[in-house]
Amino acid sequence: MEKVSALKDQGNKALSAGNIDEAVRCYTEALALDPSNHVLFSNRSAAYAKKGNYESALRDACDTIKIKPDWGKGYSRKAAALEFLGKLEDAKGTYQEGLRQEPGNQQLKEGLQNIEARLAEKSMMNPFAMPNLYQKLENDSRTRELLSDSSYRELLEQLKNKPSELGTKLQDPRVMTTLSVLLGLNLSEMEEEEEPTPPPPPKPKQTQPPPPKEEDLPENKRKALKEKEFGNDAYKKKDFDTALKHYEAAIQHDPTNMTYISNQAAVYFEMGGFEKCRELCEKAIEVGRENREDYRQIAKALARIGNSYFKEEKYKEAIQYLNKSLSEHRTPDVLKRCQQAEKILKEEEKLAYINPDLALEAKSKGNDAFQKGDYPLAMKHYSEAIKRNPKDAKLFSNRAACYTKLLEFQLALKDCEECIRLEPSFIKGYTRKGAALEAMKDFTKAMDVYQKALELDSSSKEATEGIQRCMVSQTMRNDTPEEVKQRAMSDPEVQQIMSDPAMRMILEQMQKDPQALSDHLKNPVIAQKIQKLIDIGLIAIR
């Protein structure tokens, strides 16, 4: 058993240091000697989760529960693995099962609250995924009879599981009726109103178990708490030497409490002794894991290590430890600091990569490939050139030409817009943007862009001929319905307009009453959307 304990400690240290493979190896060797040790399975589950091997993490968590079904930590491990695997409902059920075994487990309570919040957010994004979907449809006369149709129920399940297919189902009047019920809209102009859903009863206040009274603690712990209080007072007064002495005295009285070591680390952090701060944090984590300290205290120590690296502008190391802290316990301030470090590091790497000379080399290779008609290779070289010199507008223009040749018109537009932003007087940016819009048969916008090109150079042959082509194409337009639909569905702006229930209602109203168009065109936002649908050929005004 001594060897098992030594391997476990070795694994814990490796896990704290971020050496995940070593930690897994140690726990595996220990389990070979003691295959009924639930703590080893739990620890290896945590290591697998940090490695991103969530299936193995789930398997070890299940073994943990099988060996010790009344231990809350096993359920936390299993729920976390399920959450990473995207099985949110199963994760929720696991938290609930764990709380039935250990009702006072704070980690399980917080985990359940978090997963319920994620599920609620998910259902808000997809109205067909709301928990009381069928009840709400049953209560409304517009959808009550539809529920007796098995094909309608299949449609609801399809939209619940694949909300991305909503855009393709909007032609079905049942979908529009269902949306009007779920979103509280009245798209069919009926006067009957849905009964308001009564507000949910207030949740009972959660009461935390009271901490043990000081007089109930052993004498050594009482003395340690007194020393901690003295240390805290000195810390607030920035009397750091005195604070360190009192925290050291607290450690001598109670060496099993990681808080006092962590407090010493906080003092060195304030003093700028970041190396010593990290050393003490690692020691505190080791003591905390040995004595099954609250995971939030472990997270706090890991975050302090991350923040110390951040102060020294060692952002890669900072991100490593801040992510470790978040894997123990997610808090907004640590998440924000981690995102800040990632942003700075990404920007530093981006700036370090910039080299105008190498950008010219890549551009030259791109030009050669373009002339040979190898547009994918040309695009690759232009992309490399852009990374090397992201301020060169001409590189975006060249890559836009590649995208146009490859029929990737949306990407071509994006590059043209960046080109124009970087160099508003560069006429190629406008003519290539016009060509992309023309290829997409968005002739009105294309003519506007060509006109801007002519304002820069009134003798531009490309712009003049572009306007002439668009005018001819606009008057002779005779697209098949399938071509119009295909073009419309490939345009993100059109997709957004057509998935808007309010716009669907307006279009239906216009179809029934053409005179309603003039009223709607008074609203500039609606007028702009209708003009977009006209330009794309989806609707026609006669």
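Which residues in α4 meet which residues in α5? I will come back to that after some background.

This is a predicted model, in which local features need a pLDDT of at least 70 and side-chain atom pairs count only at pLDDT 80 or more, while totals for chains, interfaces and linings use all residues. Residues are numbered from 1 along each chain as its sequence is written, and side-chain values use heavy atoms, with hydrogens and water left out.

Confidence comes before the details. The pLDDT is the predictor's confidence in each residue, from 0 to 100. The protein averages 84, and 87% of the residues score at least 70. Helix α20 (residues 356-371) has the highest confidence, at 94, and helix α27 (residues 481-489) the lowest, at a mean of 67. Over residues 187-200 the pLDDT is below 50, although this stretch has 14 contacts in the model beyond near neighbours in sequence. Where pLDDT is low, the predicted coordinates should not be read in detail.

Now the overall makeup. The protein has 31 helices and 0 strands; helices (H or I, at least four residues) and strands (E, at least two) are DSSP runs, numbered from the N terminus. Of its 542 residues, 40% count as buried. Buried means under 20% relative accessible area, exposed means over 50%, and partly exposed is in between, with a 1.4 Å probe and protein chains only. A contact means heavy atoms within 4.5 Å. Of the contacts in the protein with a separation of 6 or more, 52% are between residues 24 or more positions apart.

Next, two helix pairs. The axes of α2 and α3 are 9 Å apart, and the helices pack at an angle of about 155 degrees. Axes are lines fitted to C-alpha atoms, for helices over the stretch in contact, and angles run from 0 to 180 degrees between N-to-C directions. α2 and α3 are therefore roughly antiparallel to each other. On the scale used here, angles under 35 degrees are roughly parallel, over 145 roughly antiparallel, 65 to 115 roughly perpendicular, and the rest oblique. On the α2 side, the residues making the contact include Ile-20, Val-24, Tyr-27 and Leu-31, and on the α3 side they include Leu-40, Phe-41, Arg-44 and Tyr-48.

Back to the opening question. Tyr-54, Ala-57, Leu-58, Ala-61, Cys-62, Thr-64 and Ile-65 in α4 meet Gly-74, Tyr-75, Arg-77, Lys-78, Ala-81, Leu-82 and Phe-84 in α5. α4 and α5 (residues 72-84) pack at about 155 degrees with axes 8 Å apart. α4 and α5 are therefore roughly antiparallel to each other, and their crossing is left-handed.

Asn-37 is buried, with a relative accessible area of 18%. Its side chain reaches the backbone nitrogen of Leu-40 at 3.3 Å. Leaving aside neighbours within four places in sequence, Asn-37 is in contact with Val-4, Leu-31 and Ile-67.

Ile-67 belongs to helix α4 and is partly exposed, at 35% relative accessibility. Not counting residues up to four places away in sequence, Ile-67 touches Pro-35, Ser-36, Asn-37, His-38 and Phe-41. Ile-67 and Ser-36 are 31 residues apart in sequence, but 6.6 Å apart in space, C-alpha to C-alpha.

Asn-53 sits in the loop between α3 and α4 (54-67) and is partly exposed, at 29%. Its C-alpha lies 9.0 Å from that of Ala-81, 28 residues away in sequence. The side chain of Asn-53 makes a polar contact with the side chain of Ser-56, at 3.0 Å. A polar contact is a pair of N or O atoms within 3.5 Å; within protein, one must be able to donate a hydrogen and the other to accept it, and residues adjacent in sequence count only if both atoms are side-chain atoms. Ser-56 is in helix α4 and counts as buried, at 8% relative accessibility.

Last, backbone angles. Most residues other than glycine have a negative phi. Arg-292, in the loop between α16 (274-290) and α17 (295-311), has a positive phi near 50 degrees. Arg-292 is exposed, at 58%. Leu-407, in the loop between α22 (393-405) and α23 (409-422), has a positive phi near 65 degrees. Leu-407 counts as exposed, at 61%.

Key. Left-handed = near helix turned anticlockwise from the far one by under 90°.
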